[in-house]
Amino acid sequence: MRRALRRLPVVGEWARHDVDPPRWQGPPAAKRVLVEEEDAELRSAMGAALRAAGYRTAECAGPGWHGDGRCPMVESDGCDAVDTADAVLQVLVASDEPMREVRATLHDERPALPVVVFAPRATVERDPGLAEGATVATGPLSRAAVVRAVEDAIGPP
């Protein structure tokens with residue numbers, strides 16, 4: 001019900017007045033990948049690599065991207081970027097509890113939505129629950145690896 005209400009222009013603006021959703025960039029008809037990463041340079045590089053490969057991207061710094069540690073999706077307000085994404089891409093940081101909560105919510109709310117997580121193999125082996133429900137890429141984090149991981153998860157753009 002909350003999702004339906006927030007789509008109404010007045011209610012949606014009132015409910016999420018302090019959150020500007022990520023904006024989609026790239027070819028309009030391409031598959032959409034939401035890049036969630038706190039580090040702005042890394043987030044931008046991953047988004048640029050995916051757009052260069054032909055994907056459409058939106059970029060979000062995750063919980064706290066608007067300064068207070070909240071994630072509209074986790075708080076049940078919903079997230080328009082997640083609602084329209086074909087995949088979500090994240091870099092796993094084992095100590096980032098808010099992003100773990102985001103992954104759990106993604107898995108609960110949209111279980112069929114591919115979530116691709118880059119993580120060191122040793123971290124995932126030590127705590128497999130960190131990336132539960134996600135496709136884990138354990139190789140080096142590079143532009144080519146980002147594109148390859150997304151292609152493996154959802155196919156070409």
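Among contacts (heavy atoms within 4.5 Å) in the protein between residues at least 6 apart in sequence, 73% join residues at least 24 apart. The structure is a predicted model, in which local features need pLDDT of at least 70 and side-chain atom pairs count only at pLDDT 80 or more, whereas totals for chains, interfaces and linings use all residues. Residues are numbered from 1 along each chain as its sequence is written, and side-chain values use heavy atoms, with hydrogens and water left out.

Seven helices and five strands make up the secondary structure of the protein; helices (H or I, at least four residues) and strands (E, at least two) are DSSP runs, numbered from the N terminus. Their order from the N terminus is α-α-β-α-β-α-β-α-β-α-β-α. Of the 157 residues, 42% count as buried, a class defined by a relative accessible area under 20%, with exposed meaning over 50% and partly exposed in between (1.4 Å probe, protein chains only). The protein exposes about 8200 Å², of which carbon and sulfur atoms supply 53%; accessible areas come from the Shrake-Rupley method with a 1.4 Å probe, and for residues only the protein chains shown count as cover.

Strand β1 (32-36) is largely enclosed by the rest of the structure, because four of its five residues are buried. Strand β2 (56-60) is likewise mostly covered, with four of its five residues buried. The two strands pair in the parallel sense over five bridges, where pairing requires that DSSP find at least two bridges between two strands. Within this pairing, arginine 32 stands opposite arginine 56 in β2, and the bridge partner of glutamate 36 is cysteine 60, also in β2.

Helix α5 spans residues 97-109 and has 13 residues; from its first C-alpha to its last it reaches 18 Å, close to the 18 Å expected at 1.5 Å a residue. The expected span is 1.5 Å times one less than the number of residues. Met99, Val102, Arg103, Thr105 and Leu106 are the buried residues of α5. They lie on the same side of α5, because they cover an arc of only 165° around the axis, the arc being that of the directions from the helix axis to the C-beta atoms. Their cover includes β1, α4 (80-84), β3 (87-91) and β4 (115-118). Arginine 103, located in α5, counts as buried because its relative accessibility is 6%. Beyond its neighbours within four places in sequence, arginine 103 is in contact with Gln90, Leu92, Val117, Leu130 and Ala131.

The largest nonpolar core has 22 residues, of which Leu34, Met73, Val82 and Leu106 touch the most other members. Such a core is a set of buried Ala, Val, Leu, Ile, Met, Phe, Trp, Tyr and Cys residues joined through side-chain atoms within 4.5 Å. Strands β2 and β4 and helices α4 and α5 each supply at least two residues of this core, and its largest share, three residues, comes from α5. Apart from it lies another core, of 18 residues, among them Val33, Ala87, Ala149 and Ile154.

Threonine 123 belongs to helix α6 (residues 121-126) and is buried, with a relative accessible area of 12%. Leaving aside its neighbours within four places in sequence, threonine 123 is in contact with Leu92, Ala94 and Leu130. Threonine 123 and alanine 94 are 29 residues apart in sequence, and their C-alpha atoms are 7.2 Å apart in space.
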